[in-house]
Amino acid sequence: MNRIITILLAGFETSLPIGTISIAVLAIFLSYFVWHQYGCPRISCINSYAGDWSRKRARQAFLERGQQLLAEGAKRYGDEPFRIITTLGERIILPKSCIHWVEGHSDLDHQAQVAEEFMGAYPGFEGIGAFNDPNRFVIDLVKKKMSSLTAPMLSTFYEEAIAVLDEEFGDSNEFRRIDWAVICSRLTSRISAAIFAGGILAKDPRWQNVTQTYTSNLFQACRALRAWPAPLRPIVVWYLKECKVCRDQIAEARKILAEHQFGTAERDTAFTWMDPRADPVIVQLALAAGALHTTSQLLNQALLDLAYAASDGQSVVDQLQKEFGTCLEASGGKILPSTLPKMNIMEACIKETQRLKPQTLTNLDRLALKAVVLPNGVRVPKGTMISVNQATMWDADTWGEDALVWDPMRWFEPGTTELGRERLVNSSDRHFAFGKGRFICPGRLLVNGELKVALGVILDGWEVRLCKEDYEEAKKKGRGRVDWVPFGFEMLADGRAGVEVRRR
Ligand code: HEM
């Protein structure tokens with residue numbers, strides 16, 4: 001054998017290093033390509049095209065027409081699974097009939113899926129990797145300390161929301177256009193940080209910048225790293241500028257926290273609640289990655305839907321203002337834990353917004369920890385990514401003719417109708433935006449508190465409406481709302497929608 005290798009390499013004697021390196025790199029590329037092309041399970045793919053060797057066209061189709069591809073897959077394959085090529089690899093999409101199968105399967109894991117898909121094992125990506133830490137520092141912290149809101153937490157939200165909104169919305173009696181997308185991220189970040197990191201850091205612009213941008217930088221770094229074959233990633237991660245940005249941000253966060261002598265200044269923040277063995281910087285960045293983009297996206301769309309309703313002359317905004325006023329009066333001007341369940345109209349509005357824009361087109365994202373047999377009998381290998389199509393949340397079979405129309409009254413009459421008993425924090429087979437089963441989002445109670453407080457403060461203090469042109473454009477579509485913007489599986493609130501406010 002050694003002789004054969006010696007003979008084979010003999011011809012390369014003069015250019016041995018370059019030749020050997022080229023062959024090795026080629027072999028790595030080929031094996032990666034073959035694995036990708038043929039090693040995946042034998043399930044039909046909805047976006048594979050003849051001659052699209054680099055998968056460029058497949059990825060483009062995914063980014064631009066994710067929703068249509070899912071609808072096409074559901075129509076073509078009915079109750080059977082199908083595959084889709086995404087910018088982050090491949091997924092198997094299961095129909096809604098598989099929700100319970102996924103929910104209860106012990107070999108399908110969510111934390112491993114997040115870490116694998118978003119490169120959690122690489123330097124700079126620790127904020128994502130923390131979700132898959134066997135010590136469960138982040139998950140247990142959220143579960144134990146943030147899944148029931150206390151009076152001090154709610155008053156922190158309330159005070160922080162008033163401070164941010166006074167500053168951003170101003171006191172003008174005339175309607176003026178605001179940059180709602182930017183203000184919404186800032187508001188979410190400030191009120192969340194007040195609980196995660198305390199009031200001092202929440203107001204530090206450098207801290208705000210790091211925590212607000214770490215997640216989007218992570219996504220970019222993830223895309224850049226994924227463009228390389230897996231065996232080369234441990235090397236290229238040190239050279240890609242997108243990955244360096246994330247490492248630099250972690251270093252910057254450490255510096256800021258050291259200056260603030262974290263953990264000693266304030267009580268009742270994630271610093272004081274977290275396990276002393278945890279790395280406080282990584283826990284903070286993980287909280288930011290899990291909480292900020294998701295919550296801000298829901299708040300963003302919720303206000304757009306209410307601004308549309310106000311422009312449309314619907315009575316729901318008046319009702320919300322009265323509801324918030326009555327709730328505050330009953331609790332002596334404070335928001336208490338007992339106040340939140342009384343905000344029934346607000347609850348219905350947010351639940352309806354989330355039904356139509358639940359953040360992503362698929363949910364129950366899982367990684368197969370071992371080879372598993374799908375409900376249709378097909379065996380898929382360890383490492384397969386699986387998701388459930390979330391289209392049931394807006395399909396006509398479940399919701400009737402007006403399935404795509406924003407109508408919060410579907411959820412109203414709490415306790416008296418079947419839908420009325422489903423609260424924002426509950427999950428069901430027809431509305432599972434927070435996931436289901438053992439991995440259900442533990443941050444959903446925080447979301448419930450943050451959104452009700454933020455929207456209550458906004459509607460209490462300001463009149464809000466859509467710019468005339470945006471209202472008229474949305475009205476033409478007949479869905480009673482501003483449409484979200486697609487980006488792969490992501491459903492993004494339209495950052496260009498014009499919102500106007502004036503002091504009440
Ligand atoms: C509107 C905002 C949010 C949405 C739509 C959302 C959605 C989700 C979803 C779909 C999952 C996976 C559930 C599953 O696959 O069954 C999840 C998990 C998780 N979420 Fe959220 N989330 C939101 C806000 C938050 C917040 C504010 C926090 C933290 C304070 C948080 C922390 C977590 C954690 C730690 C997990 C992992 C749970 C586990 O693996 O056991 N989320 N979230």
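The following dialogue explains several terms as they apply to this predicted model.

Visitor: What makes this a predicted model, and how are its residues numbered?

Guide: The model is predicted, and local features need pLDDT of at least 70, side-chain atom pairs count only at pLDDT 80 or more, while totals for chains, interfaces and linings use all residues. Residues are numbered from 1 along each chain as its sequence is written.

Visitor: What is the mean pLDDT of the protein?

Guide: The term pLDDT denotes the predictor's confidence in each residue, from 0 to 100. On that scale the protein has a mean of 90, and 89% of its residues reach 70 or more.

Visitor: Why should residues 1-16 not be read in detail?

Guide: Over residues 1-16 the pLDDT stays under 50, and the model has one contact beyond four places in sequence for them. Two residues are in contact if their C-beta atoms, placed from the backbone, lie within 7 Å. Where pLDDT is low, predicted coordinates should not be read in detail.

Visitor: What share of the protein counts as buried?

Guide: A residue is buried if 20 or more other C-beta atoms lie within 10 Å of its own, the C-beta atoms being placed from the backbone. Of the 504 residues, 44% count as buried.

Visitor: Why are strand 9 and strand 12 said to pair?

Guide: Two strands pair if DSSP finds at least two bridges between them. Strands themselves are DSSP runs of E, at least two residues long, and helices are runs of H or I, at least four, both numbered from the N terminus. Strand 9 and strand 12 (residues 499-503) have five bridges, so they pair, and the sense is antiparallel. Within this pairing, E463 has R502 of strand 12 as its bridge partner.

Visitor: What makes strand 4 and strand 9 edge strands?

Guide: Three strands form an open sheet in the order 4-12-9, with antiparallel pairing. Strand 4 (176-178) and strand 9 (462-466) each pair on one side only, and they are the edge strands.

Visitor: In which sense does strand 2 pair with strand 1, and in which with strand 8?

Guide: Strand 1 (residues 82-86) and strand 2 (residues 89-94) are antiparallel over five bridges, and a hairpin of two residues joins them. Strand 2 and strand 8 (residues 385-389) are parallel over three bridges. I93 is the bridge partner of F82 and stands opposite S387 in strand 8.

Visitor: Which helix supplies the largest share of the shell around the ligand?

Guide: Helix 15 does, with six residues. In total 29 residues surround the ligand, and A291, T294, G435, C441 and G443 are the closest.

Conventions: Buried ≥ 20, exposed ≤ 12 C-beta atoms within 10 Å, placed from the backbone. Near = placed C-beta within 6 Å.
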